[in-house]
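Hi,

Here is the structure I promised to pass on.

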Amino acid sequence: MIDSALERRGVLRIRSLSLRLALLVLLAVPAFNRNILDTLLPTSLIHQLPLPLLSVLAFVAYSIVVYAIVVWTFGIKGLTQMLALAVVLGLTVVISMAAISKAPILGDWLQGSKTLAQVDAKAVEQFFAMLVVIPLGLLIIHSFPPAELICRLRSPTGTISEHAIRVAIVLRIYSMVADAISSFYAAWSEENPKVFLPRHRKDIGGTDKLWKLPMWFFGAAATWGLALVTYCIEQIPQLVTQLDVTLDHKLKGHNNACNK
Amino acid sequence: MSAAEELRFPSIELLVQALDLRFGRSTPLPQYGSATSVRAFGDWLFAPARESSQSQRAIVVPPDPTAFLSFPTLRQEFDLARSPTDPRYQALSLEQIGAKFEFEPRQLDQPVYSLSGGERTRAAIAKASLLLHRAESVAFCMPTHWLHLDSYSHLHELFRLADNSCKPVTLYLLDGDELVERIELPAKAVTPMPGRQVSWFLGGPNYEVQLLNNTEPSSKDHLLRFDVSSLRNVELRSPTILTGKNGAGKSLLAKCLSGVVRTSQPITPKSKYGQGPSRLVLQDALSHLFRRPIAQHPARVFEFDQEGKKKVDTIFSALSQESRKRLWTSMPDDAHLVGPEAEPHTLFQAKLVLIAERLVYAPPLLILDEPSWGLSLRQSDALIEAVVNYCHERDIPIAMITHLRPRLTHYANSTIHVQRDGDSITAKILS
């Protein structure tokens with residue numbers, strides 16, 4: 001049944017969920033373990049010339065392994081999209097850290113006992129780390145599609161526990177955000193053809209831009225956040241009822257497990 | 001049809017109330033705003049657990065069929081809904097089940113949100129048919145508001161199956177909804193401004209649209225080709241009706257004209273107000289509100305344009321009054337169907353405020369995607385007449401998309417028929 005429901009590529013070909021999880025955890029250990037990452041990417045990297053060759057080679061080799069698994073699973077297009085996101089987020093972090101570290105009060109807080117050069121080195125390290133961590137994180141998320149997990153709940157062998165159904169609902173709500181973004185994006189881009197600027201901005205001019213546009217931007221982010229949360233909340237009762245009708249003949253114990 | 005009990009309501013708000021009372025479901029309408037949705041969710045969450053009652057075992061397809069589809073793709077939807085013990089579908093593959101409901105194999109793997117409203121309704125009918133085996137009753141809301149006339153047979157088949165299994169079916173309809181393949185409405189002409197003609201033209205060459213077909217990173221994009229050559233430099237008279245089957249590409253064409261979907265070549269309408277992207281009210285009009293109450297919409301959109309905000313309030317008020325007057329003229333008791341002036345909260349008012357916002361700065365073309373969705377026939381007539389009247393007085397051309405052509409035919413001064421053949425979409429003028 002699951003084969004018919006999902007096209008399997010890369011890590012998705014590993015049928016056993018626990019084996020798949022174990023492999024991904026193993027792959028993620030270097031990226032998410034502070035000690036290992038510091039060894040691969042020492043904070044003082046940019047002050048050590050020539051660079052410690054072994055560290056650099058190890059980091060490059062590790063990145064290649066991660067990228068190869070991403071390409072295996074999601075193709076070159078998937079990797080490109082993930083890297084684009086990683087570069088944007090990475091640059092945002094680096095530029096923000098650089099700007100904040102030079103600011104009067106925030107800079108002191110960020111620096112702590114470090115020198116300015118150490119803070120800069122840290123920012124560069126984080127940039128390179130993000131180039132690997134973000135594709136890896138997305139690989140892990142996409143390796144457990146909610147639909148597949150829900151399909152497995154309806155395995156012809158065995159019954160389903162209430163906890164499993166709760167997990168399925170939580171996962172489906174999570175994936176529902178993607179559906180909602182698409183529908184809200186169409187409405188938003190009609191309302192604001194330049195997505196990051198309000199369509200109607202007659203009252204914004206000159207130095208006003210400096211505070212009115214950021215104000216609008218935060219207001220827009222709040223509007224989106226509230227709309228997405230509300231959308232998901234609205235769907236829950238219906239989704240629960242649907243799963244109840246769909247899966248109830250498999251439920252262990254009583255037949256109202258989904259409801260509460 | 002005899003198998004289904006029909007319940008009719010003068011507005012969607014009353015229909016939803018009745019649905020909630022009957023089934024204890026919580027379906028707050030989005031135009032009520034986030035607070036109402038969160039409260040309704042709380043009520044549902046903390047309500048005493050219901051035992052397996054009729055309400056739990058009923059298949060309820062709500063006014064928005066998307067809410068009935070729980071999974072990202074139709075393949076998963078059908079796979080999970082199909083019962084291994086149901087003899088009708090046991091031997092069929094998912095592709096065969098899809099084909100039974102007019103779905104091509106590729107559509108089974110498309111994300112549900114990328115399907116048109118009519119296709120989602122067909123998917124809801126398919127899912128209801130698959131679940132029928134396990135359910136005790138079926139309730140279907142407003143199917144005609146999404147479904148093309150040619151697809152009504154699927155609905156009739158569902159009713160027949162339910163009837164054979166002695167499972168009651170209730171249809172929740174709005175006044176004026178007819179579930180027959182051919183609707184004969186009295187010929188009626190809208191002559192808001194006698195002798196006044198408003199026209200528009202469509203510029204630009206044929207174009208291509210690159211559609212993101214899936215959210216999965218590994219998915220392939222989809223290229224559609226639009227052929228609009230027969231419309232080029234032809235005078236299109238307002239109101240123009242864009243019609244075609246479910247999934248033909250009507251809404252996509254409107255999104256291309258409005259710049260919501262980027263095209264390989266710019267394609268923009270031209271009228272008295274110049275050439276540029278049209279303004280569009282989407283079929284899923286309520287997504288424009290971003291779950292904010294109706295009254296807050298102008299303040300949000302015109303946060304940095306106080307003059308525009310004043311204008312939108314004036315236009316909203318004028319359109320409301322005109323609609324109320326038209327409803328009162330046809331039937332005095334119906335005037336309240338617009339909604340309360342003090343605290344607007346109806347779907348009718350949501351549509352009016354969105355239209356008013358788009359008319360503040362006269363666009364080259366105003367497009368309403370399925371303006372009669374969620375409105376009874378009298379409400380829909382009042383809204384369309386009020387808006388067409390207002391637009392024509394100001395020489396703003398208007399185009400309306402509908403899958404239910406007979407309902408809007410009497411408004412059409414020009415009709416564009418949109419047809420899809422594989423990856424090619426053709427728009428032609430109907431004489």
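Chain B is split by the domain assignment (bounds from an automatic or database assignment) into domain 1, 4–174, and domain 2, 199–430. Keep in mind that this is a predicted model, where local features need pLDDT of at least 70, side-chain atom pairs count only at pLDDT 80 or more, and totals for chains, interfaces and linings use all residues. Residues are numbered from 1 along each chain as its sequence is written, while chains are lettered from A and ligands numbered from 1 in the order in which they are written.

The C-alpha centres of the two domains of chain B are 27 Å apart. Across the boundary, 26 residues of domain 1 touch 26 residues of domain 2 (contact: C-beta atoms, placed from the backbone, within 7 Å). On the domain 1 side, the elements giving two or more residues are helices H1 (12–23), H2 (34–46) and H5 (117–131) of chain B (helices are DSSP runs of H or I, at least four residues; strands are runs of E, at least two; both are numbered from the N terminus). H5(B) gives the most, with three residues.

There's also an open antiparallel sheet in chain B, with four strands in the order S8-S5-S10-S11 (strands pair if DSSP finds at least two bridges between them). S8 (236–237) and S11 (274–275) of chain B are the edge strands with a single partner each, so one side of each has no neighbour in the sheet. S5 (199–202) of chain B pairs with S8(B) over two bridges, and B:Ser199 sits opposite B:Arg237.

Cheers

Definitions and conventions
Contact = placed C-beta atoms within 7 Å.
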